[in-house]
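Visitor: I would like to go through this model and ask what each label rests on.
Guide: Here it is.

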Amino acid sequence: MTEAGIFDNDIMVIDRAIRPRHNHIVVAVIDGEFTVKQLYQRAGRMKLKAANPTYPDILPKDGQTIEIWGVVTSTIKQFVA
Amino acid sequence: MYALVDGNNFYVSCERVFRPSLNGLPVVVLSNNDGCAIARSNEAKALGIKMGAPWFQIKHLTESDGLVALSANFALYGDLSDRMMSIAAGLGPSQEVYSIDESFVGLDGVRGDLVERSHKIRSRILQWVGIPCGIGIGSTKTLAKLANHIAKTAERKPGIYPDHLAQVCNLSTLSPEELASVFDATEVGEVWGIGRRISKQLTDGGIKTVQDLVRMDPGTVRRGWSVVLERTVRELQGTQCIGLDDSPEPKKEIACTRSFGHPVLELSGLTEAVTEFSSRAAEKVRKQHSLAGDVMVFVRTSPFRKDPQYSRSIVVPLLRPSADTGAIVQAAVAGLQAIYRPGFKYAKAGVMLLDLGPDSVVQGELDFAEGESLQDAAEKTRLMTALDTINQRFGKGTMKMASAGLDGDRRVWSMKQERRTPAYTTDWDDMPVARA
């Protein structure tokens with residue numbers, strides 16, 4: 001998610017009380033794993049976009065629901081690992 | 001009017017918040033030392049796993065049915081409980097946190113549709129914390145508790161109760177006929193305060209359902225059984241007998257006891273354990289602003305092993321009532337040394353602080369040379385405040401008595417928690433990871 005300014009080992013602050021909206025950076029649950037993506041929600045269509053264009057978008061398949069776990073509100077950078 | 005907010009399969013639900021891959025799988029959470037199942041997911045219940053089922057009896061289900069067993073992670077459950085309770089408090093003006101996953105909320109003076117309001121709070125807890133819960137509403141605490149049972153059962157096993165009672169059930173708005181049929185479908189053993197023994201007595205006497213019980217005359221119940229059961233019947237009939245307990249009395253005694261992960265033979269190992277238990281107990285005593293007069297310590301072997309058996313306890317009086325970890329540990333270890341016998345495989349030890357009184361009352365006394373003066377005692381109080389502050393800020397056990405020994409593998413007596421998930425919400429190092 002480097003294009004969104006999120007790098008390896010950054011600490012993300014996630015707010016579950018925010019209703020996810022178009023263009024929010026969100027943590028979603030895909031196949032039981034947490035993943036960070038940008039939410040695309042337009043004209044009744046919904047998908048998860050990776051900020052890195054080499055990664056494919058994730059679209060819900062028939063009958064599948066994408067679970068948005070929470071909305072990323074900020075990150076904390078780590079300068080020393 | 002009361003509401004009871006209760007997290008569904010609470011420990012399992014907590015685990016699922018941070019491990020969504022557990023959704024849909026049969027999951028159990030095991031008690032300390034991975035002894036028996038203390039929480040079950042609906043899928044695990046469907047496999048026929050009973051509450052309290054010993055781990056060794058259900059272990060084979062991990063192979064045959066994909067059962068997932070986890071060690072209890074109380075740091076996580078306590079933290080999520082806190083979050084859930086603070087949202088549940090928004091339901092009404094007063095709240096009694098009844099257990100880690102249940103709280104009563106007083107609804108007096110709340111206007112509007114209570115069911116609609118409860119659904120809102122329920123979905124808020126689900127969205128903000130991730131815990132599904134059931135909410136029961138009734139004119140007494142016993143009825144609220146029963147309504148909660150109905151709300152959960154209606155969701156989990158459709159068909160027994162009307163569907164509209166699922167998740168949130170308000171008994172006070174049902175018509176008399178509807179209420180009677182709901183009571184008719186509920187066994188008497190589901191009522192709050194009716195244990196297995198009384199439930200059997202009642203059933204044998206032909207009182208099988210809640211409806212049978214509600215029809216009884218409270219006077220007859222008091223004569224035939226007890227005042228306690230009479231109170232339950234009155235509560236079911238809608239007469240408030242049990243109030244909201246929003247500031248629980250300070251405890252009369254405080255205990256810290258634990259079974260060991262592995263049997264302990266040496267006095268040194270027991271000393272470590274007893275030091276740790278008395279430190280914990282002393283911390284609890286300070287938290288409720290009490291002083292202890294006596295320290296009881298016990299050790300015992302496992303009654304489930306065929307080894308030689310030994311079990312003994314001793315009460316050591318303190319020179320003067322104290323909440324000082326040093327004084328309490330010293331007394332407990334002295335007691336331990338008096339009752340320890342070599343050659344036994346010890347399985348459990350514990351420390352209990354007795355004769356608790358408020359720390360605001362201190363008996364003045366003449367300073368007879370030996371022992372510490374009252375001035376020293378004041379210094380100790382400051383030391384203990386510092387100790388508690390440090391441990392609260394930097395984590396349990398950051399600073400402790402040297403006789404508690406070091407953490408790690410050397411500590412044979414530590415609890416067996418082979419399947420514990422990380423402390424996701426209370427430890428920076430255990431934070432969950434999301435991939436891009």
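The questions below take the labels in turn, for a model that is predicted.

Visitor: What makes α1(B) and α5(B) roughly perpendicular to each other?
Guide: The axes of helix α1 (residues 10–18) and helix α5 (residues 74–88) of chain B cross at roughly 95°. Angles of 65 to 115 degrees count as roughly perpendicular, and therefore α1(B) and α5(B) are given that label. Their axes come within 10 Å.

Visitor: Which residues make that contact between α1(B) and α5(B)?
Guide: From α1(B) they are B:F10, B:Y11, B:C14, B:E15, B:V17 and B:F18. From α5(B) they are B:F74, B:L76, B:Y77, B:L80, B:S81 and B:M84. By class, the contact has 10 nonpolar, 1 polar and 1 charged residues.

Visitor: Why is α7(B) called roughly perpendicular to α12(B)?
Guide: Helix α7 (residues 141–156) and helix α12 (residues 227–236) of chain B pack at an angle of about 70°. The range for the label is 65 to 115 degrees, so α7(B) is roughly perpendicular to α12(B). The two axes are 7 Å apart.

Visitor: What meets what between α7(B) and α12(B)?
Guide: B:K141, B:T142, B:L143 and B:L146 in α7(B) meet B:T232, B:E235 and B:L236 in α12(B). The residues of this contact divide into 3 nonpolar, 2 polar and 2 charged.

Visitor: Which parts does the pair of B:R16 and B:E43 tie together?
Guide: B:R16 lies in helix α1 of chain B and B:E43 in helix α2 (residues 42–46) of chain B, so the pair joins parts that are 27 residues apart in sequence.

Visitor: What makes B:H164 and B:E178 a polar contact?
Guide: A polar contact needs a pair of N or O atoms within 3.5 Å. The side chains of B:H164 and B:E178 make theirs at 3.1 Å, so the pair falls inside the cut-off. B:H164 is in the loop between α7 and β8 (168–170) of chain B. Leaving aside residues up to four places away in sequence, B:H164 touches B:L174 and B:E178. The C-alpha atoms of B:H164 and B:A154 are separated by 8.2 Å, and the two residues are 10 residues apart along the chain.

Visitor: How many salt bridges and polar contacts are there across the interface of chain A and chain B?
Guide: The rule finds 0 salt bridges there. It finds 7 residue pairs in polar contact, both residues at pLDDT 80 or more.

Visitor: Which elements of chain A give two or more residues to the side that touches chain B?
Guide: They are β1 (11–15), β2 (25–30) and β3 (33–42) of chain A. β3(A) gives the most, with 4 residues. The residues of this side of chain A divide into 10 nonpolar, 2 polar and 2 charged.

Technical notes: Residues numbered from 1 in each chain as written. Chains lettered and ligands numbered in written order. Heavy atoms only, no water. Salt bridge = Lys/Arg side-chain N within 4 Å of Asp/Glu carboxyl O. Polar contact = N/O pair within 3.5 Å; in protein donor to acceptor, adjacent residues only side chain to side chain. Nonpolar A, V, L, I, M, F, W, Y, C, P; charged D, E, K, R; others polar. Axes fitted to C-alpha atoms, helices over the stretch in contact; angles between N-to-C directions. Parallel < 35°, antiparallel > 145°, perpendicular 65-115°, else oblique. Contact = heavy atoms within 4.5 Å.
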